[in-house]
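Please examine the sequence and the structure shown below.

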Amino acid sequence: MTEPRNPSMSSIPQTGPAHTDSSSPAVEMDPVEYTLRKRLPRKLPKRRNDVYVNMKTDFRAQLARCQKLLEGGGHREICVHGLGLAINRAINIALQLQASSQGALQLAANTSTVELVDDLEPEDPDEAGEPMTRTRNNSAIHIKVFYPDAQ
Amino acid sequence: MSAAKVKMREKKMRNQPASVQYPSSSSNVESSTQNGADAPGTGKNADPLKGGLSEVHPSTERQKKTPHQSGWVRGHHKDGGGYTKEMPKYVTAGAFARARAAEVSAMLKAVRKTTSSSRVFEALPKHMRRRAMSHNTKRLPHRLREVANRMREKGLQAGSKKKKEQAKSKSRKARRRHGNLLLEFNRRQRKNIWLETHIWHAKRFHMVKKWGYCLGDRPTYKCYRACYRAMSSHCLLQDLSYYCCIELQGDEDKLLAALSQLTSKEAGPTFAAALCLSGRRQGSVMVYRAGRYPSQPLGPVTFLWRPRTQGSVHRQLWIWAHPTLKQDLLPELQTVCQCCEAVLPPAAPVEVNPTLEAENTPEAKPVPGTKRKRSRKDATGPPAKKILGDGTRLPSTPVSWRSSSNGIVINDLTMEIVRYRLIGPQSHSVLVDTLEAATGCDEVPKSQTCSLWWPQHCSDEAKMTLHQQQADIFNILKGIYSTAELPSGTVLGLTVDDPRLTLPRKRVKALPCVKQAQEVDEEKRRKLMLEGVPEPCCQSFIWEQSVRDNVTDNKISEQELNRMRSEVLVPGSRLSPTPLQGRVPILLVEQPGKQVGHEMSSWGAGWDLLLPKGWGMAFWIPLVYRGVRIGGLNMSLKHSQNKAAPHFPRDYPDCPAGMRFQEEQEAELLNKFKRHPPAKRTNYIKHGCVAPFRCPWQQLAEEWEIIVQEGGSQTRTTAQADAVTEERTSQQAISITKPPSRFTVLRNRKALKLLSAWCRPTTSKGQRPCRVGELPPISCEAVTSFLSAHAMSLVWVHVSLPSKGKPEYHAMLCVPTPDDLKALGNRQGTGGPQEPPHRDHFKSRIKRRKKDPKKAATPSVTPDKPDGKKADLIFASDLDTNASKDPKSFSESSSDLVLGLWPDPLPSVASHCSRVTVGWVTQGDFSMSAGCGEALGFVSVAGLLNTLLNQTSEHKGKLLLRNPTSLHYRFAKINIEV
């Protein structure tokens with residue numbers, strides 16, 4: 001697969017905090033003293049045929065958007081990206097697209113790891129604690145949905 | 001005959017020939033003369049009555065006197081006009097002709113003379129009228145010109161009498177001459193301070209005079225949505241220079257000890273927070289009066305510490321406050337720091353600077369002789385100097401205070417520093433595009449002493465390495481896609497070139513270029529994202545007064561710059577050796593976006609750009625040329641609304657500034673309301689809206705406190721609540737001398753967290769169950785203990801409407817009855833319940849007021865609004881007077897009855913409607929980021945907890961929202977966000 005970009009840099013659009021993952025409160029630190037604040041995943045410029053799937057928008061709307069790109073938009077291929085919880089939905093969309101096209105479409109899936117940043121703000125009364133930043137990784141999937149060139 | 005009639009008659013008869021007589025009354029009948037036998041020359045006489053008496057001509061005597069009828073009679077009379085049947089036997093030709101001639105001349109005069117108000121050209125038919133005829137008499141036909149000229153002169157004379165003071169205005173050309181224009185501008189900004197971008201804004205914005213400044217409210221063109229899009233996807237620029245900066249200098253521990261009295265750790269991190277203290281982050285804090293933590297708040301401020309210099313405990317702190325807050329904050333700071341000695345400003349520093357500049361500029365520029373002459377003349381002439389900084393302040397007003405005991409110095413830096421705010425994910429691209437790190441200057445020989453600051457700095461090795469580091473970090477910003485990727489509150493100091501030099505020729509849109517920057521510094525970028533800017537790089541020379549003044553004084557004028565540009569060989573190319581004056585120290589501060597809630601996190605993040613004064617326009621235009629949108633005060637309100645952050649002073653009803661704001665807003669809205677004709681006004685009484693223009697928070701908090709005390713945890717019905725308030729009124733009448741405790745806004749973080757957890761639905765789709773283990777579940781005991789601490793509190797809530805409805809300000813937040821919630825469960829799509837329309841008892845009273853002023857007030861009218869002067873007055877009168885004087889006090893209050901509004905002693909606000917009110921909305925609108933109506937407001941803690949106790953877990957935090965102009969309740973979900 002010719003993924004044009006560095007797969008580890010993918011992200012989801014800012015409107016979708018799809019990474020509502022089950023990040024357990026930091027084990028190594030006292031949860032009372034720190035507030036966890038998640039930063040948005042890194043955002044990159046997107047092409048017209050990139051579809052970032054989130055958990056907030058209605059599923060049918062996202063499916064319709066992909067179909068529109070493939071049929072009306074004149075794109076031979078689109079990329080469906082999903083991060084964390086949205087992986088399931090991205091796969092679902094890709095499979096639905098393939099099923100509704102009667103086999104004309106093909107899929108090529110690629111997975112990657114996205115680095116996310118969390119801020120930990122101290123709430124100790126003597127205010128000596130430094131805010132901490134930690135990174136954690138989350139899985140992402142990039143599915144290329146395309147018409148094979150042989151036709 | 002009344003005097004007025006006599007006067008009118010005199011006026012009518014003034015120009016008539018004496019022979020013409022109107023019958024007036026029987027008293028002067030015999031004195032009047034007959035037709036055709038008038039005395040010659042009586043036409044000249046002004047008073048016909050007198051003339052008739054005094055100048056009796058012999059010929060008249062010969063005439064037969066008619067006892068009943070005399071003179072000409074206007075109109076038709078039954079007896080044929082009453083002329084004598086007998087005709088005169090002979091007519092004296094001379095006398096007759098004279099009399100007729102007098103009549104003709106009088107008639108001609110009457111025809112020529114225009115009556116009072118009509119102008120000459122009004123006598124012309126429509127098709128002969130021309131534009132601006134009254135102004136230019138030459139547009140009139142020739143025959144009318146003379147009359148018109150005469151009238152015009154008369155009008156001018158009358159006008160000049162009226163406004164004699166108005167000086168003869170100069171010609172437009174003279175007025176627009178630079179010096180005169182400046183004088184005029186300086187005169188106009190004596191009362192309200194102009195920002196440096198004022199003229200730019202005044203051409204494009206609706207300006208409002210607020211807080212002693214002239215500020216742009218909203219653009220004159222339609223750009224509401226465009227501005228929203230700019231905030232969420234590109235960049236919106238605002239001029240926030242009206243924010244006041246107060247500088248504190250002194251030893252770190254002494255400063256912290258003084259400032260700790262103003263804040264409380266319960267309400268979040270204070271001035272002493274470690275990261276802020278190092279100078280790497282900007283902090284924000286809520287300030288209270290010294291030692292009065294929960295009860296007397298002042299307002300929110302942001303602050304910035306200057307990074308430590310090695311081996312020194314002397315620190316510098318900037319506190320940025322809203323102008324309405326400054327007047328409360330500054331005295332408080334002075335008492336806390338014991339700074340009472342006002343340091344007088346050095347003898348007229350304002351006068352020193354222009355002379356300095358006047359000396360510098362003619363030497364610096366080799367201009368042709370004529371120009372030099374003019375510049376000399378300007379320097380010697382009246383000092384039409386452009387005002388930089390605060391123009392409303394007298395030069396002798398102290399701006400600096402020193403403490404003799406602990407050495408702390410307070411400086412008021414209002415208008416000394418320009419502050420621009422860029423909001424939006426692309427604001428760093430705009431900055432990177434606009435600014436360029438300053439270029440060094442090696443070619444300057446070090447021996448030459450230069451008055452400019454940059455060459456001196458260039459000679460210092462340490463300073464140059466620091467500058468290089470800062471420039472490196474600034475370049476990393478190019479590789480970042482969104483402003484929100486950086487840690488919030490990051491500070492970056494920098495020195496930049498004059499941005500006017502790199503001004504693009506056309507307005508372009510700054511876009512990030514991630515690709516080319518990616519391979520360069522991946523590692524550095526990661527470090528910046530995780531750790532922020534290292535401490536030494538937060539240092540900037542803008543902190544130093546001397547450098548700021550130097551930069552401000554030595555700014556190249558626009559004219560000079562254009563001249564230098566025109567001398568460049570290739571037109572349009574950059575000035576090759578950057579002029580030495582063009583190095584400006586700046587400070588960049590990252591502003592956090594939305595920090596609360598789960599959705600749209602870090603929306604509206606951006607950068608603040610801090611500049612020394614005088615450089616405002618030099619940076620403004622280049623920023624505008626990078627395709628940003630400009631917003632006014634209106635947009636900053638929308639920004640905070642979308643961020644779900646309280647907006648000062650609107651959303652701080654317990655602060656003095658917030659109270660002032662509320663009073664102003666009420667007066668403004670009431671004025672607007674009264675401008676409508678009564679039949680076109682909303683009748684708020686019928687809508688059951690007690691206070692459409694203000695929110696009586698104090699009354700609400702008191703009422704809920706009593707409801708909770710009386711009734712425990714039962715649901716209050718309207719009748720019960722009414723009874724309670726009535727009872728309370730009687731209590732209050734007894735214990736009125738005791739000052740009631742004031743309401744406060746709950747800002748204790750722990751308490752807020754607890755409340756937030758309580759009003760969240762525990763089981764709901766899409767939301768994680770919160771960590772219930774740490775927080776006690778809601779129960780009667782927990783609520784009681786909570787209320788014992790915060791009974792008189794309000795809490796800041798975020799309201800979202802899941803279905804239809806656009807909330808407006810002062811919309812009511814009410815408690816749904818169990819039936820409402822049941823109906824909600826059954827039919828999800830339907831709206832909410834309806835409020836039955838109320839009856840307006842006051843309407844008939846307004847009509848009857850004059851006839852029957854002694855009608856007593858309805859028993860539901862309870863005088864319980866202790867804050868506000870009017871209510872106090874009424875209280876006082878109630879106390880003084882007994883039942884006998886009661887009607888009088890009512891008639892006093894009824895004198896300001898306005899149709900459709902409750903008169904001042906408001907009824908019970910909580911239980912006025914069929915659903916019990918717990919709070920009001922302070923700002924609300926359709927939120928374009930959420931796609932539904934969203935509002936921010938306050939609810940009473942007691943009321944909220946009472947409601948939550950009775951709600952089932954699936955409906956936790958569901959309230960009803962009703963706009964003041966509507967009877968329809970909508971369901972709303974409230975969130976308390978910490």
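The paragraphs below treat the cavities and then the cysteines.

This is a predicted model, in which local features need pLDDT of at least 70 and side-chain atom pairs count only at pLDDT 80 or more, while totals for chains, interfaces and linings use all residues. Residues are numbered from 1 along each chain as its sequence is written, chains are lettered from A and ligands numbered from 1 in the order in which they are written, and side-chain values use heavy atoms, with hydrogens and water left out.

A cavity is a set of points, on a 1 Å grid over the protein atoms alone, where a 1.4 Å probe fits but cannot get out; lining residues have an atom within 4 Å of a point. Points are joined across faces, edges and corners, and a volume is the space filled by probe spheres set on them. The count comes to 15 cavities of 30 Å³ or more. The largest cavity holds about 130 Å³ of space. Its lining comprises 17 residues, and B:Leu195, B:His201, B:Leu215, B:Gly216 and B:Asp239 are the closest to its centre. S3(B) supplies the largest share of this lining, three residues; strands (E, at least two residues) are DSSP runs numbered from the N terminus.

Across all chains, the search finds zero disulfides, a disulfide being a pair of cysteine sulfur atoms within 2.5 Å. The sulfur of B:Cys227 has its closest cysteine sulfur in B:Cys223, at 3.6 Å, which is too far for a bond. B:Cys227 is buried, with a relative accessible area of 1%, where buried means under 20% (1.4 Å probe, protein chains only). For B:Cys655, the closest cysteine sulfur is that of B:Cys695, 15 Å away and therefore too far for a bond. B:Cys655 is also buried, at a relative accessible area of 0%.

Definitions and conventions:
1 Å grid on protein atoms, 1.4 Å probe; cavity = no way out; pocket = protein on both sides within 12 Å on 5 of 7 lines; lining within 4 Å. Helix = DSSP H or I, 4+ residues; strand = E, 2+ residues; numbered from the N terminus. Buried < 20%, exposed > 50% of the residue type's maximum accessible area, 1.4 Å probe, protein only.
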